[in-house]
Amino acid sequence: MHFRSQKKSAGDLSLSDSIDLDGDGNSLSLMDVLSQEDEMLERVGDDELCAQVRRYVDTVLDDREARIIRLRYGLDTGVPKTQRETADILHISRSYVSRIEKKALEKLNECFDEW
């Protein structure tokens with residue numbers, strides 16, 4: 001009987017069991033592989049969220065609001081601009097950029113509340 005019960009658990013793995021070696025010769029465990037996949041899922045989720053933000057910017061905001069959000073958060077270039085830089089580009093005051101940005105963010109927030 002003892003051998004039968006051990007046979008059932010013979011295929012069990014521990015998360016800390018070594019399954020392979022990495023390029024440096026260090027032991028690679030199942031937990032290492034699983035945590036990397038979790039990070040990938042987070043990145044996919046982040047990518048989906050970014051795509052949704054871009055869609056809302058394009059569809060919900062008017063042209064000026066969309067341009068300010070794109071500049072301020074670097075949606076087109078990956079490099080966010082300050083309110084002063086945005087104001088200089090659009091030839092408006094920094095306080096006006098702030099007001100438009102605040103209004104645009106409220107609109108976007110409403111969209112995500114519905115999503």
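**Close-up views of a predicted model**

A search through the whole structure turns up zero disulfides (pairs of cysteine sulfur atoms within 2.5 Å). This is a predicted model, where local features need pLDDT of at least 70, side-chain atom pairs count only at pLDDT 80 or more, and totals for chains, interfaces and linings use all residues. Residues are numbered from 1 along each chain as its sequence is written, and side-chain values use heavy atoms, with hydrogens and water left out.

**View 1. Two cysteines, Cys-50 and Cys-111.** A disulfide is a covalent bond between the sulfur atoms of two cysteines. Cys-50 is partly exposed, at a relative accessible area of 39%, while Cys-111 is buried, at 11%. Here buried means under 20% relative accessible area, exposed over 50%, and partly exposed in between (1.4 Å probe, protein chains only).

**View 2. The largest nonpolar core.** Such a core is a set of buried Ala, Val, Leu, Ile, Met, Phe, Trp, Tyr and Cys residues joined through side-chain atoms within 4.5 Å. Nine residues make up the largest one: Tyr-56, Val-57, Leu-61, Ala-66, Ile-69, Leu-75, Ala-104, Leu-108 and Cys-111. Two or more residues each come from α2 (30-60), α3 (63-73) and α5 (94-114), and α5 gives the most, with three. These helices are DSSP runs (H or I, at least four residues), numbered from the N terminus.

**View 3. Leu-61 and its contacts.** Not counting residues up to four places away in sequence, Leu-61 touches Tyr-56, Ala-66, Ile-69, Ala-104, Lys-107 and Leu-108. Contact means heavy atoms within 4.5 Å. A second, separate core has seven residues, including Ile-68, Leu-90, Val-97 and Ile-100.

**View 4. Arg-72 over a ring.** Look for the charged end of Arg-72, which sits over the ring of Tyr-73, 5.9 Å from its centre. To count, NZ of Lys or CZ of Arg must be within 6 Å of the ring centre and within 35 degrees of the ring normal.

**View 5. The loop residue His-91.** His-91 lies in the loop between α4 (83-90) and α5. Its phi is near 60 degrees, a positive value in a residue other than glycine. Most residues other than glycine have a negative phi. His-91 is also exposed, with a relative accessible area of 73%.

**View 6. Arg-94 and its contacts.** Arg-94 is found in helix α5 and is partly exposed, at 42% relative accessibility. Leaving aside neighbours within four places in sequence, Arg-94 is in contact with Gln-83, Arg-84 and Ala-87. Arg-94 and Gln-83 are 11 residues apart in sequence, and their C-alpha atoms are 5.7 Å apart in space.
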